[in-house]
Amino acid sequence: MTPDQPRTLRAKAGAILRVTSGNFLEQFDFFLFGFYATYIAHAFFPAESEFASLMMTFAAFGAGFLMRPLGAVILGGWIDKVGRRRGLILTLSIMASGTFLIVLVPGYETIGLWAPVLVLIGRLLQGFSAGAELGGVSVYLSEIATPGRKGFYTSWQSGSQQVAIMVAAGLGFALSEFLDESALHSWGWRIPFLVGCLIVPFIFMLRRRLEETEAFNQRRHHPSLRQIFQTLVSHWSTVLAGMMMVAMTTTAFYLITVYAPTFGKRVLHLSASDSLLVTLLVAISNFIWLPIGGALSDRFGRRPLLIAMTLLAMLTAWPALSLLAGAPGFGMMLGVLLWLSCLYGLYNGAMIPALTEIMPVEVRVSGFSLAYSLATAVFGGFTPAISTALIQFTGDKAAPGYWVSFAALCALCATLWIYHRSAPRLQPATK
């Protein structure tokens, strides 16, 4: 190791921390919205039945994802034009505004219909920002990666989200231990959201110290927004295939993290603390498997890992959830979700760098963001609502497994098509 290498590694680690900090805040708030869905439903979306109230809450949760494609095109295109650093500071500002709005809104009993309207606006702001946040972070990490390590570097985009879930689950576990149910129901659920607001200034400080990537600075031509939009339209098939690749990632992730606590409490009738503890352990598992998946894809290529994980998900999602439905309990829920966590982590570790590689360089952020956002809007964002509806209308507690298998099938077909069409350019993936 040369004398300059430790300094370079520290600089890279610092850049990873600064750029992924916004991802941390985004997933922290998204997870809290999913976990405290029953409390949010009572505070902002009262209805005649628990099912109707919960469905309205998950609909508001999903509505934020419908804004992601718009954010991907507008904010993502702006990042491709003006640079990664300036764009990621803007996405963080918009995201923080939505978070503050949700935290400060009084309940339905205090301001009536304004309560759900303002909460929905907060979710829409968060969704608009997140539309370009993931793409901007992933592309930034891929552009600062050392040769042959792109998969490992980009895995920290999702890794930062797992840290957010660990913190949120740990905080929620502590609150469930120290506050009674009535306190949580009336005001306690707001505390974690307030914590998210309090860390916003620190994250801003980190983001402002970001440096622009060399890859962007070395580009001689920076296209206008109109040229970016035209390029996206001309490469619509690549964007659509990318969306289908992301389908498995986003569906599995929101099932095993955001929806899992509600599933454990409402469907399996586990305690809130047990559901949170399982989610915390799943986030730790995700955090371990993601860089392993990225490193394996650097070593053996993206395609073999993507195909293997999609096939395993198709074949095992429903049987695994059926085992859990037949013998609900802490140990069984943990075992099933850890298995799904392994599939998600290994797949996502290969999928993120693959998605940065298939997009044209001039629209790398907007193309990645649009594909990711469309998948999240169609698949992931509505996974809690679709899972709730499938269980309600089929009577099968393992029905969410069908949704995961369908998403995996979409991802498998897209992977086969992309690598059949572009095999010479994408194999092996070393840069």
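Is Ile-284 buried, partly exposed or exposed? At a relative accessible area of 34%, Ile-284 is partly exposed, a label for anything between buried (under 20%) and exposed (over 50%), using a 1.4 Å probe and protein chains only. Keep in mind that this is a predicted model, where local features need pLDDT of at least 70 and side-chain atom pairs pLDDT 80 or more, while totals for chains, interfaces and linings use all residues. Residues are numbered from 1 along each chain as its sequence is written, and side-chain values use heavy atoms, without hydrogens or water.

Ile-284 sits in helix α16 (residues 272–300); helices here are DSSP runs of H or I with at least four residues, numbered from the N terminus. Together with Leu-281, Ile-288, Ile-292, Leu-296 and Phe-300, Ile-284 makes a nonpolar surface patch of about 480 Å².

Now look inside. The whole structure has four cavities of 30 Å³ or more, a cavity being a set of points on a 1 Å grid where a 1.4 Å probe fits but cannot get out.

Finally, find Gly-148 in the loop between α7 (114–144) and α8. Gly-148 is partly exposed too, at 22% relative accessibility.

Note on methods:
1 Å grid on protein atoms, 1.4 Å probe; cavity = no way out; pocket = protein on both sides within 12 Å on 5 of 7 lines; lining within 4 Å. Points joined across faces, edges and corners; volume = space filled by probe spheres on them. Patch = residues over 30% accessible without salt bridge, like charges linked within 9 Å, V, L, I, M, F, W, Y side chains within 5 Å. Areas by Shrake-Rupley, 256 points an atom, 1.4 Å probe, with all protein chains shown as cover. Salt bridge = Lys/Arg side-chain N within 4 Å of Asp/Glu carboxyl O. Helix = DSSP H or I, 4+ residues; strand = E, 2+ residues; numbered from the N terminus.
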